[in-house]
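Q: Got a model I'd like to talk through. Can we start with the surface?

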Amino acid sequence: MLTFCLFVIAIVSYLLGAVNGSIIASKYFFKKDIRELGSGNAGLTNFYRNFGTTGIVVVLLIDIAKTAVAVFLGWALMKIFGHGMVGKLFAGFFVMLGHAFPVYYGFKGGKGVLCGGILVLMLDWRIGLLCWLVFIIAVVFTRYVSLGSICAGIMLPIGTAIFGGWWLQVVLSIMCGLLLVIMHRQNILRLIAGKERKLSLGGKPEAAKERPQKEKPQREPAKFNVFEDVDDEE
């Protein structure tokens with residue numbers, strides 16, 4: 001029975017997580033695919049950078065609702081066995097996994113930041129407050145959303161351990177935090193190189209430009225030299 005409940009939680013949470021608010025809103029309101037614009041990430045930050053506030057409520061409602069439903073389901077089923085918090089974390093991991101690798105959209109989705117943010121609030125208000133506080137402080141002082149997200153992801157297992165989570169809860173929170181960090185691996189490289197883009201607050205959204213396609217390098221035409229044999233190659 002326990003195995004069956006875990007299976008149901010994993011499948012339902014993943015399928016719910018795969019419903020991506022940014023992709024739906026970008027196609028419904030602008031007839032574009034957010035994954036072909038800006039950074040190519042199907043997340044809230046890239047959506048805002050390209051389209052501004054238009055449609056952002058739809059993104060928020062979809063991603064908040066799917067996470068809330070999945071986490072509640074995990075809690076309700078695992079509460080039967082006396083492990084409601086384990087159920088929340090287990091469902092939270094799979095809803096984030098579905099958001100990052102959505103089966104409906106060719107396994108190319110977002111990074112799961114908003115899903116993780118809703119998860120920590122439903123997990124324990126103290127853990128949620130700690131993670132969100134770290135996120136806000138990091139973003140306010142650096143204007144790097146990616147850095148704030150990474151810091152919040154690292155804080156999740158720390159907060160779980162601080163507020164009395166037992167080993168399985170800590171392990172699941174590590175999995176959630178690690179997934180968030182892994183999804184930001186390219187951002188980490190750009191942060192180290194000093195090339196990460198900062199969040200612009202209060203400004204106009206950037207023009208929705210399509211991601212440039214990689215062009216094949218063109219060979220330079222051979223230069224004719226009267227002093228060399230024309231059959232020689234450089």
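Q: Which residues make the nonpolar surface patch of about 660 Å²?
A: F7, I11, L15, F101, V103, Y104 and F107. Nonpolar side chains (Val, Leu, Ile, Met, Phe, Trp, Tyr) are joined within 5 Å. Areas are Shrake-Rupley with a 1.4 Å probe, and for residues only the protein chains shown count as cover.

Q: What should I know about the source?
A: This is a predicted model: local features need pLDDT of at least 70, side-chain atom pairs count only at pLDDT 80 or more, and totals for chains, interfaces and linings use all residues. Numbering runs from 1 along each chain as its sequence is written, and side-chain values use heavy atoms, without hydrogens and water.

Q: Where does F101 lie?
A: In the loop between α5 (84–100) and α6 (113–123). Helices are DSSP runs of H or I, at least four residues; strands are E, at least two; numbering starts at the N terminus. F101 is partly exposed because its relative accessibility is 34%, between the cut-offs for buried (under 20%) and exposed (over 50%).

Q: Switching topic: is N41 buried or exposed?
A: Buried, at 15% relative accessible area. N41 sits in the loop between α2 (21–30) and α3 (44–51).

Q: What is N41 in contact with, leaving aside neighbours within four places in sequence?
A: I34, N46, G109, G110 and K111. Contact means heavy atoms within 4.5 Å.

Q: And overall, how many helices and strands?
A: 10 helices and 0 strands. Buried residues make up 43% of the 234.

Key:
Patches are made of residues with over 30% relative accessible area and no salt bridge: like charges are joined within 9 Å, nonpolar side chains (Val, Leu, Ile, Met, Phe, Trp, Tyr) within 5 Å. A salt bridge is a side-chain nitrogen of Lys or Arg within 4 Å of a carboxyl oxygen of Asp or Glu. Buried means under 20% relative accessible area, exposed over 50%, partly exposed in between (1.4 Å probe, protein chains only).
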